[in-house]
Every structure is written in C-alpha cells, then in structure tokens.
Amino acid sequence: MLNARIKLRHLQAFLEVARQRSFGRAAERLAITQPGISKTIRELEEALDASLFERTPKGVALTQAGLTLLRHAGPAIRALEEGIGAIGEARDGVRRLRVGALSTVESRLLPEALRHWHAQEAEHADVGVNVVTGPSAFLLSRLRRGELDLVVGRMIEAREIQDLAFEHLYYERLLLMVRAGHPLAGVSPLSADALGAYPWVLPPPQTTLRQQVDSFCVRHSLVLPARRLETLSLPLSRGYTLGSDAIWVAPEEAVGESVAAGELYELALPLEQQGGSVGLCLNATLRPSLALEAFCERLRQVAASLK
C-alpha cells in the first residue's frame, strides 16, 4: 500500500530534480521556490527513510535509492498522465508513439521504418509518431521515466542504459569522412599524425559516440585540434564538411548516399573495426502497446535489409 505521507507533488518534485539535476532549475520549472522544493524532497526522503540525492560538482545525482524510485515512479506518473491524456485522445481520435532517435539512425533505419509504418499499418492508421532527437543520456533518461516508448540507435555503451531492455539489430561503424578533392582523400597508407592539420567535425563531449573518438585518439597518440565543430546535427556536419577541409566523424548510415554520389570519401584509416551495436531500447517496466510492438517489428524488418 502506498505510504499516505507520499503525495503526487512529492513524486513530481522528485522527477523534476532528477531530470534537471539541480534543485534550482527544478524549482524554476515547477514555479516554486528553491526552499520549497528542498522541503518537498526532504519530506519524501523522510517518508521513505532513504536519501535520494547526493551533491556533486555538477549539481545533484541520484543515489541508489533514488535510481530505484526513478525506475518505478517515472513510469507510474507517466501512466497516470497517459490515462488522463487517453481521454482526450479518445475524444480526438488520435494516438501517438513517442520515439527517441539517435543520430546513427536518422538517415536510413528510422525514415524507412516510418515509411513502411505509414504505408502498411492500416490497423494503426490512427496512431501518429512523435520523434525526439538528442544524445543517448537524454533519451534513455526520458525512456526510463516513461516519457518515451522507445529509443532507437547506437547506445549500448551508454551508462544510462542500465536496466533498460536493449535489442541488437546490427553493427555500424563510425567513419572518418572528407569531401571530394580533400588533400587526404585517396592517401594510403595514412598516418594519424596527418589528421591534426585539419578541422574536425565530431560528436559533443559526454556522448557515447565521442567515447569512441577519444579511444581512437588515445590509440594513435592524437590530440584533437582546437579547430573543431562539435554537433550531433547530420545536416550541419555534412554541409560543413562538403564546404571545407574538415574531417567528419560520421555514422556509416549517414554518408552512404554521399559516398555513392562521389561527394564524400572515407579516409584510409579506420576509426573502429566492427563498430557499435545499433538497436532498440524499451522500458521493461511498461507493457508495450500493440502499436509499439508493430512498429518495433517494422524496425527489425528494415534493419535486416540494411545488414
């Protein structure tokens, strides 16, 4: 039985602090004072007889007890919100799948799956798809809280994946790409020392893809140049690379068409051999809808054709 001392406002405050990793930002989002949200969290900790947050140089972090509560409170609150939202959806005749997409699947896997979904899923014609993009830590945290139904992409290296259910679909490499006519295009063998003379386009720090870049640099005793563009935006990365001498750390899926058209070339120095595991991730504490199961099956079918 739920502790009578625990109110909905306690759980809402807890989830917002966990989301913002800051009492101050959480208070702003909830339109209450910082002392007020601190008092609310303290009441919740007293009711649970457990500490939920600990101070860090970057804000606050969840304790093990906090992680346990997050795993259950997030989906519970989201289920309540869905129940309320379902009333409106039933009235409007609209349902939605909420999909988190990493940059590794934005070019082929997800667009193809969506095209198949809209063309062939007649029994789910009333189901729309809302796609949220961003780094894996952001998307997996939202999945854990029940704010997303599914996350798709390369994420197995992410610390936040923890107890979420991951299903492998295929492996994909990160490639070092340059424009046609680049001084390093076609150079083989290619020394890693030559890479430091050019700007780089690469994933931002604290992302799983950037971890692979950092490992590559360590293996080759390479220091990243100060001239670099850090972004997860594929259109921005491609446009900047085509118009400059930059070296782009690109997901293999994102450059296939440009390689076929002769616009981009892979450097003769592999950043990684096998690549990372691309797949789909679900929150095992939530029961998937029939629409979600059908969409996952579409993803599997498209992934099989991409191998």
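E297 has a relative accessible area of 36%, so it counts as partly exposed; that class lies between buried, under 20%, and exposed, over 50%, with a 1.4 Å probe and protein chains only. The model is predicted, so local features need pLDDT of at least 70 and side-chain atom pairs count only at pLDDT 80 or more, while totals for chains, interfaces and linings use all residues. Residues are numbered from 1 along each chain as its sequence is written, and side-chain values use heavy atoms, with hydrogens and water left out.

**The chain as a whole**

- Ten helices and twelve strands make up the secondary structure count of the chain; helices (H or I, at least four residues) and strands (E, at least two) are DSSP runs, numbered from the N terminus.
- Taken along the principal axes, the C-alpha atoms fill a box of roughly 70 × 50 × 30 Å.
- The chain has 307 residues, of which 46% are buried.
- Of the contacts between residues at least 6 apart in sequence, 73% join residues at least 24 apart; a contact means heavy atoms within 4.5 Å.

**Around E297 and W117**

- E297 is part of helix α10.
- Between E297 and W117 the C-alpha to C-alpha distance is 9.8 Å, although the two are 180 residues apart in sequence.
- W117 has 1% relative accessibility and therefore counts as buried.
- F295 has a relative accessible area of 0%, so it is buried.

**Aromatic pairs**

- The structure has three aromatic pairs; rings of Phe, Tyr and Trp (its six-membered ring) pair if their centres lie within 6.5 Å, and planes under 30 degrees apart count as stacked, over 60 as edge-to-face and the rest as tilted.
- In one of these, F23 and F53 have ring centres 5.8 Å apart and planes at 70°, so the pair is edge-to-face.
- Because F23 lies in helix α2 (residues 23–30) and F53 in strand β1 (residues 53–56), this pair ties together parts that are 30 residues apart in sequence.
- Both F23 and F53 are buried.
- The ring centres of W117 and F295 are 5.5 Å apart and the planes stand at 90°, so this pair is edge-to-face.
- W117 belongs to helix α5 (residues 109–120) and F295 to helix α10 (residues 290–306), so the pair ties together parts that are 178 residues apart in sequence.
- F14, F23 and F53 are linked into a cluster by ring pairs.

**Helices α5 and α10**

- Two packed helices are described by the angle between their axes and the distance between the axes.
- The axes of α5 and α10 cross at roughly 125° and come within 9 Å; axes are lines fitted to C-alpha atoms, for helices over the stretch in contact, and angles run from 0 to 180 degrees between N-to-C directions.
- The two helices, α5 and α10, are therefore oblique to each other; under 35 degrees counts as roughly parallel, over 145 as roughly antiparallel, 65 to 115 as roughly perpendicular and the rest as oblique.
- On the α5 side the contact residues are L109, L110, E112, A113, L114, H116, W117 and Q120, and they meet A291, A294, F295, R298, L299, V302, A303 and L306 in α10.
- The residues of this contact of α5 with α10 are twelve nonpolar, two polar and two charged; Ala, Val, Leu, Ile, Met, Phe, Trp, Tyr, Cys and Pro count as nonpolar, Asp, Glu, Lys and Arg as charged, and the others, Gly among them, as polar.

**Helices α2 and α3**

- The axes of α2 and helix α3 (residues 34–48) come within 8 Å, and they cross at roughly 105°.
- This makes α2 and α3 roughly perpendicular to each other.
- From α2, the residues F23, G24, A26, A27 and L30 make the contact, and from α3, Q34, I37, S38 and I41.

- R144 lies in helix α6 (residues 136–144).
- With 6% relative accessibility, R144 counts as buried.
- Not counting residues up to four places away in sequence, R144 touches L70, R71, P75, E160, I161, Q162, D163, L164 and N283.
- G74 lies in helix α4 (residues 64–92), and at 2% relative accessibility G74 counts as buried.
- Apart from neighbours within four places in sequence, G74 is in contact with L15, L69, R145 and G146.
- G74 and L11 are 8.5 Å apart in space, C-alpha to C-alpha, and 63 residues apart in sequence.
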